[in-house]
Amino acid sequence: MSEGIHSQSLIFVGRDLSPGFNMNSSSKVLILKIIIHLGALLPVINLYFLAFADQLGADPVEAVIHFTGIGSLNILLLTLCVSPLAKFLKQGYLLQTRRLLGLYAFTYALLHLLNFLAFEVQFDGMLFISEVIDRPYITVGMLAFILLSALAITSLNRLKRKMGKSWQHLHNSIYLLVLLVTVHFYWSVKSELIAPLFYFLLAIILLAVRHKKLKRLIQSMFA
Amino acid sequence: MLIKTPKNSSLKDSAVTDESVYHDRRNILKQMGFLGAGALLGSAVTSKASAGFFSDDKPSFSTKALTYSKDTKNVGLLKTPEQKVISHNNFYEFGAKKDQPIELSQGFKVDPWQLTISGECDKPITLDYDDLTTMLPLEERIYRMRCVEAWSMVIPWVGFSLADLLKKVAPNSRAKYVAFETLYDPEQMPGQASRRLGGGIKYPYVEGLRIDEAMNPLTLMSVGLYGKTLPPQNGAPIRLVVPWKYGFKSIKSIVAIKLLEHQPPTTWNKLAAREYGFYANVNPNHDHPRWSQASERRITSGGLFARNRIATLPFNGYGDEVADLYRGMNLSKYY
């Protein structure tokens, strides 16, 4: 039924299938999490090191904004790969990396927004507000960020337990969220549409993999 | 003589040392095997890294020193460092990302070159490569360059007034507009050969001015910057510079100039007329749908923390020289 129950059963499947390996699932999860931490943190450390030293091309502001924006979308898509991959490989423990990936998608999005605020509009509050209102691509980006923040905050176990069923409802909005982010990217470019269209296609594929679940969700919305 | 220039370039020299440290960092990362993971998460830094690797053994385009008279009026303007002027370019013929033109244009052939000036005039001419720098006396012009994307630079160009060039061909009374065209050569310009690199605009790139705009003494045909001939990424061997208009009007690597009776089509206007007008005068009171035009970030030296947001001036601060051209026109309608 809900993805939560589904993932529980998958975890057992994962354990059942692992006797061939010497390593148990929790060690694998630990190793994956270390890789995720390093893979997410090292590039941003490198990025800001170069940007502060004025070694990131002629316009470090544009470079950091683009890097963190694209980075956030990449991690978000990676997050959406986890559950189809876990089902396909029958490796339920993979699901335990999903929250960490989601939180890094949020971290990159937060950096993206802070870069815009601090280095692009340089703390000009009025300019920031008028940009969010007047530029449709920024409005959509801001909406996506608010949604992503809600998911990040409610990822705390204590809140998750308190929210009960509504937690899953809220977290289903990731499907809407990823579409908003690709629209934000598409509208932000001047004419070079190929990369945004490629990302849009990736998002559609990741949603298509879940067509049954999405159909149910949409039906329940109108029921 | 060279008062400010060495100051800027010496800053860059110290930065080169940092770059070698940066190369080491990359090697360390690579050895650790995390570069692949990094590439998954974003592209800006890693594309820079690979560009750095390959540019080490690639021959770079060689520029020549020019003889010219110095700009003595605008020496007070803080110039954008040369390294930034030549590495941050919107020249989609060599890739739509700003760091691509410097990477993809170094093999560009500018000699031989032919620039034809024809149309509504009595004495059409064709200039060869050598004519571009010898036919008219060269002068330095330190101009502000304002991009429609709301960033700006200060660039010491070398060139001559377009007016002096047009006088050579004796425009007739039907010459109301001037059309410009960039070289079309997909073999040399990868952006013209590939939609992915070329950013989806139609080639050849075309631009235009009204004849009185073209004859304004500020309108420059540039053959160089920072005292040397133009590198390809900045529009070698000859380009237009119209300092009171957004940068996309300043068409690069020009092969044809035509005097016309009617207003010619212009590339960005054809692509999105609501966003880019024919006039494209810098106007802080007329917002672009994508960018507020009220202020801009001036690219000089300094990294992420450079406090470089400044107010944008009408006609990019050249109103005294050009505002008369548009007297009585509604600049929100003719943007």
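**Close-up views of a two-chain predicted model**

**View 1. Strand β4(B) and its partner in β7(B).** Gly159(B) has Ser222(B) as its bridge partner in β7(B). The two strands, β4(B) and β7 (residues 220-225), run antiparallel and share five bridges. Strands here pair if DSSP finds at least two bridges between them. Strands (E, at least two residues) and helices (H or I, at least four residues) are DSSP runs, numbered from the N terminus. This is a predicted model: local features need pLDDT of at least 70, side-chain atom pairs count only at pLDDT 80 or more, and totals for chains, interfaces and linings use all residues. Residues are numbered from 1 along each chain as its sequence is written, while chains are lettered from A and ligands numbered from 1 in the order in which they are written.

**View 2. The other partners of β4(B).** Strand β3 (residues 139-146) of chain B pairs with β4(B) in the antiparallel sense, over eight bridges. Within this pair, Arg141(B) is bridged to Trp157(B) of β4(B). The hairpin of β3(B) and β4(B) has four residues between the strands. Ala150(B), in this hairpin, takes a positive phi near 75 degrees. Strand β11 (residues 295-298) of chain B pairs with β4(B) in the parallel sense, over two bridges. Here Trp151(B) has Arg297(B) of β11(B) as its bridge partner. Nine of the eleven residues of β4(B) are buried, so the strand is mostly covered. Buried means that 20 or more other C-beta atoms lie within 10 Å of a residue's own; exposed means 12 or fewer, and partly exposed lies in between, with C-beta atoms placed from the backbone.

**View 3. The largest nonpolar core.** This core has 59 residues. Val178(B) and Phe180(B) have the most contacts inside it. Strand β4 (residues 151-161) of chain B gives the most to this core, with six residues. A nonpolar core is a set of buried Ala, Val, Leu, Ile, Met, Phe, Trp, Tyr and Cys residues joined through C-beta atoms within 7 Å.

**View 4. Around Phe180(B).** Leaving out residues up to four places away in sequence, Phe180(B) touches Val206(B), Glu207(B), Gly208(B), Leu240(B), Ile251(B), Ile254(B) and Ile257(B). Two residues are in contact if their C-beta atoms, placed from the backbone, lie within 7 Å.

**View 5. The five-stranded sheet of chain B.** The sheet is open, its pairing is mixed, and its order is β2-β1-β10-β5-β6. Strands β2 (125-128) and β6 (206-210) of chain B are the edges, and each pairs on one side only. From one strand to the next, the twist averages 15 degrees. The axes behind this angle are lines fitted to C-alpha atoms (for helices, over the stretch in contact), and angles run from 0 to 180 degrees between N-to-C directions. Strands β1 (residues 114-119) and β10 (residues 254-260) of chain B run parallel, joined by four bridges. Thr116(B) stands opposite Ala256(B) in β10(B).

**View 6. Where chain A meets chain B.** The contact takes 39 residues from chain A and 41 residues from chain B. On chain A, α2 (25-52), α3 (60-89) and α5 (125-134) each supply at least two residues of the side that touches chain B. The largest share of this side, eleven residues, comes from α2(A). By class, the side of chain A has 22 nonpolar, ten polar and seven charged residues. Ala, Val, Leu, Ile, Met, Phe, Trp, Tyr, Cys and Pro count as nonpolar, Asp, Glu, Lys and Arg as charged, and the others, Gly among them, as polar.

**View 7. Asn115(A) in helix α4.** Asn115(A) sits in helix α4 (residues 98-120) of chain A. Asn115(A) counts as buried because 24 C-beta neighbours lie inside 10 Å. Asn115(A) touches Val64(A), Ile65(A), Thr68(A) and Glu120(A), not counting residues up to four places away in sequence. The C-alpha atoms of Asn115(A) and Gly69(A) are separated by 9.9 Å, with the residues 46 apart along the chain.

**View 8. Confidence along both chains.** The model scores ipTM 0.78 and pTM 0.81. Chain A has a mean pLDDT (the predictor's confidence in each residue, from 0 to 100) of 90, and 90% of its residues reach 70 or more. Over residues 1-19 of chain A the pLDDT is below 50. Chain B has a mean pLDDT of 86, and 82% of its residues reach 70 or more. Over residues 1-55 of chain B the pLDDT is below 50. Where pLDDT is low, the predicted coordinates should not be read in detail.
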